[in-house]
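Please look at the structure below and follow one part of the chain at a time.

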Amino acid sequence: MELRQLVKEVPYLLETRGDMSVEIAALCSNSREKTENGIFFCFAGAHFDAHQYAPQAVQNGCVALVVERFLDDVNVPQVLVSNGRAAMARICEAFFNHPERKMRFVGITGTKGKTTTTYLVKSILENAGRKVGLVGTIEIIIGDTHIHAVNTTPESYLLQEYFAKMVESGCDTVVMEVSSQALMLH
């Protein structure tokens, strides 16, 4: 998919530099990952600033960057946004052809009981005839596939990939644990 198509619905877009017709075939937030025609997301986190790793991401196959400040020393197309993490979520939605528009969602948040509640809600919905995917602290369930979870709420590119697989497997509903940290970080 062309970079210009991925960013056209991003409300956080400020400016672009470079050839927006470059083809994007992968999403990347880890500069050490080898990728082919990837887009690398640069934003400042609590303990690091991914902008400093952009050259490594480009060396490893990324052909475009989403940045919160332009990087003059990196010669690939760049998309300047006001909120990198929120923009990443929107770009990931577009990359996976908006699976979030094809299902209903139940989000469970709170201090205690999220995991138990997600499994109970999933069971109730399945008994009511829904085909339900689950995203939680313990696992992600897509049809008969169970994937070990690393975080309560995965990064947006991984979350959208799971949603796309759920759509592909026929899910019409998603029940998910939503951490307050994930809500705060868009």
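Strand S4 is largely enclosed by the rest of the structure, because six of its six residues are buried. The model is a predicted one. Buried here means that a residue has under 20% relative accessible area.

What lies beside S4? One of its partners is strand S5, made of residues 78-81, and the two strands pair in the parallel sense over three bridges. Within this pairing, valine 67 has leucine 80 of S5 as its bridge partner. Strand S3 also pairs with S4, which covers residues 62-67, and here the parallel pairing runs over four bridges. To get from S3 to S4, the chain passes through helix H2 (residues 54-59), and this β-α-β crossover is right-handed. Isoleucine 39 stands opposite alanine 64 in S4, and phenylalanine 41 has valine 66 of S4 as its bridge partner.

Strand S3 can now be taken by itself. In a regular strand the side chains alternate between the two faces of the sheet. In S3, residues 38-41, both faces are covered. Gly38 and Phe40 are buried on one side, and Ile39 and Phe41 are buried on the other. S3 also pairs with strand S2 (residues 26-28); these two strands run parallel and are joined by three bridges. In this pairing, cysteine 28 has phenylalanine 40 of S3 as its bridge partner.

A disulfide is a covalent bond between the sulfur atoms of two cysteines. How many disulfides does the structure hold? The number is zero. Cysteine 62 is in no disulfide, and the nearest cysteine sulfur, that of cysteine 28, is 4.2 Å away. For a disulfide, the two sulfur atoms have to be within 2.5 Å. Cysteine 62 counts as buried because its relative accessibility is 3%. Cysteine 171 is also a buried residue, at 5% relative accessibility.

Rolling a probe the size of a water molecule over the atoms shows where empty space is left. The second largest pocket has a volume of about 170 Å³. Its lining includes Phe40, together with Ser29, Asn30, Ser31 and Arg32. Phe48, Ala50, Tyr53 and Tyr157 also line this pocket. By class, five of the lining residues are nonpolar, three are polar and one is charged.

The next stop is the loop between strand S1 (13-17) and S2, where methionine 20 has its place. Methionine 20 counts as buried because its relative accessibility is 11%. Methionine 20 and valine 76 are 56 residues apart along the chain, and their C-alpha atoms are separated by 9.9 Å. Valine 22 also lies in the loop between S1 and S2. At 19% relative accessibility, valine 22 counts as buried, because the limit is under 20%. Its C-alpha atom is separated by 8.4 Å from that of asparagine 37, and valine 22 and asparagine 37 are 15 residues apart along the chain.

The last stop is a loop with two entries on backbone angles. Most residues other than glycine have a negative phi, and most peptide bonds are trans. Asparagine 97 is not a glycine, yet it has a positive phi of about 60°. Its place is in the loop between helix H3 (84-95) and strand S6 (104-108). Histidine 98 is found in the loop between H3 and S6 as well, and it has a positive phi of about 50° although it is not a glycine. Which of these residues is buried and which is exposed? Asparagine 97 is exposed, because its relative accessible area is 52%, whereas histidine 98 is buried, with a relative accessible area of 10%.

Key. Residues are numbered from 1 along each chain as its sequence is written. This is a predicted model: local features need pLDDT of at least 70, side-chain atom pairs count only at pLDDT 80 or more; totals for chains, interfaces and linings use all residues. Side-chain values use heavy atoms; hydrogens and water are left out. Buried means under 20% relative accessible area, exposed over 50%, partly exposed in between (1.4 Å probe, protein chains only). Two strands pair if DSSP finds at least two bridges between them. A crossover is right-handed if, with the strands pointing away from the viewer, the path from the first strand over the helix to the second runs clockwise. On a 1 Å grid over the protein atoms alone, a cavity is a set of points where a 1.4 Å probe fits but cannot get out, and a pocket is an open set with protein on both sides within 12 Å along at least five of seven lines; lining residues have an atom within 4 Å of a point. Grid points are joined across faces, edges and corners, and a volume is the space filled by probe spheres set on the points. Ala, Val, Leu, Ile, Met, Phe, Trp, Tyr, Cys and Pro count as nonpolar, Asp, Glu, Lys and Arg as charged, and the others, Gly among them, as polar.
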